[in-house]
Amino acid sequence: MTSELTTELLLAGIRQTRLVAIVRGTDGGAAAKAALSAMEEGFRFVEIALTTPDALAAIREVRAAAPAGCFVGAGTVLTAQDVEHVAEAGGQFMVTPALAESIDASAARGIPVLAGALTPTEAYEAMTRGATAVKLFPASIGGPGYLKALRDPFPGIPFIAVGGVGLGEAASYWQAGAVAVGLGGPLFGDAGSGGDLAPVRERARAFVALAAEFDGRTAAERPL
């Protein structure tokens, strides 16, 4: 199965929506339902962590049922073999927690990859190895202030803040220069393990509205 998602389209889409959803749980079927629920409420990019049992089956299910303009990827992608399996399952982008060999393997296949990094050295290396954007993880260690400092020498690197980012923190990371935030527990709760989907939908709508409000506010602040 091929992916129509290019690195350029992924980055443009993430910049526009400012949101990436991260599903991790103990039940692949529940994870697929949670991912689709978020998509139906306005999320366009959802990753399913490979640590979730039957994650590849979940990716196949979401790829087949995703609304138009929505894309499913895999998280916790570590090896070249992981990349191969995810691509075969229809995953359209890869996400890593660290500077794993999966970055090079994804780039070699032309598959967009959000590469996990924390330090300046790691962020720079991720981009030189072909990352589409850097997943700043765990962002909560330094907060928005750390992200702002990190961007000073690397203004051209697109950073996605992941880890400890909730509804109350997202705007601070956007203000500090993150192109997007990645949302796991604060969005899905226990839905990836079979929990109630109604709160997921409610929280998804709140995050989408917050992103729209932020962009509306910042656009109004720009000079004509």
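Q: In this predicted model, how are H4 and H5 oriented to each other?
A: The axes of helix H4 (residues 80-89) and helix H5 (residues 102-109) come within 8 Å in this predicted model and cross at roughly 45 degrees. Angles under 35 degrees count as roughly parallel, and 65 to 115 as roughly perpendicular. H4 and H5 are therefore oblique to each other.

Q: Which residues of H5 meet H4, and how many residues of each class does the contact have?
A: The crossing of H4 and H5 is right-handed. On the H4 side, Ala-80, Val-83, Glu-84 and Ala-87 take part, and they meet Ser-102, Ala-105, Ser-106 and Arg-109 in H5. By class, the contact of H4 with H5 has 4 nonpolar, 2 polar and 2 charged residues.

Q: Are H2 and H3 roughly parallel or roughly antiparallel?
A: Helix H2 (residues 28-40) and helix H3 (residues 55-65) have axes that come within 8 Å and cross at roughly 30 degrees. Because angles under 35 degrees count as roughly parallel, H2 is to H3 roughly parallel.

Q: How many nonpolar, polar and charged residues does the contact of H2 with H3 have?
A: The crossing of H2 and H3 is right-handed. From H2, the residues Gly-28, Ala-32, Ala-35, Leu-36 and Met-39 meet Ala-58, Glu-61, Val-62 and Ala-65 in H3. By class, the contact of H2 with H3 has 7 nonpolar, 1 polar and 1 charged residues.

Q: Is Phe-214 buried or exposed?
A: Phe-214 is placed in helix H10 (residues 198-221). Leaving out residues up to four places away in sequence, Phe-214 touches Arg-18, Ala-171, Trp-174 and Gln-175. With a relative accessible area of 3%, where the cut-off is under 20%, Phe-214 is buried.

Q: What distance separates the C-alpha atoms of Phe-214 and Gln-16?
A: Phe-214 lies in helix H10. Along the chain, Phe-214 and Gln-16 are 198 residues apart. Their C-alpha atoms are separated by 12 Å.

Q: What is the phi of Arg-18 near?
A: Arg-18 is located in the loop between helix H1 (7-17) and strand S1 (19-23), and at 13% relative accessibility Arg-18 counts as buried. Most residues other than glycine have a negative phi. Arg-18 has a positive value, with phi near 70 degrees.

Q: Where does Thr-76 lie, and what is its phi near?
A: Thr-76 is in the loop between strand S3 (71-75) and H4. At 17% relative accessibility, Thr-76 counts as buried. Its phi is positive although the residue is other than glycine, and is near 55 degrees.

Q: Is the peptide bond from Phe-137 to Pro-138 cis or trans?
A: Pro-138 is found in the loop between strand S6 (133-136) and helix H7 (143-151). Most peptide bonds are trans. The bond from Phe-137 to Pro-138 has omega near -10 degrees and is cis.

Methods
Residues are numbered from 1 along each chain as its sequence is written. This is a predicted model: local features need pLDDT of at least 70, side-chain atom pairs count only at pLDDT 80 or more; totals for chains, interfaces and linings use all residues. Side-chain values use heavy atoms; hydrogens and water are left out. Axes are lines fitted to C-alpha atoms, for helices over the stretch in contact, and angles run from 0 to 180 degrees between N-to-C directions. Helices (H or I, at least four residues) and strands (E, at least two) are DSSP runs, numbered from the N terminus. Angles under 35 degrees count as roughly parallel, over 145 as roughly antiparallel, 65 to 115 as roughly perpendicular and the rest as oblique. A crossing is left-handed if the near helix is turned anticlockwise from the far one by less than a right angle, and right-handed if clockwise. Contact means heavy atoms within 4.5 Å. Ala, Val, Leu, Ile, Met, Phe, Trp, Tyr, Cys and Pro count as nonpolar, Asp, Glu, Lys and Arg as charged, and the others, Gly among them, as polar. Buried means under 20% relative accessible area, exposed over 50%, partly exposed in between (1.4 Å probe, protein chains only).
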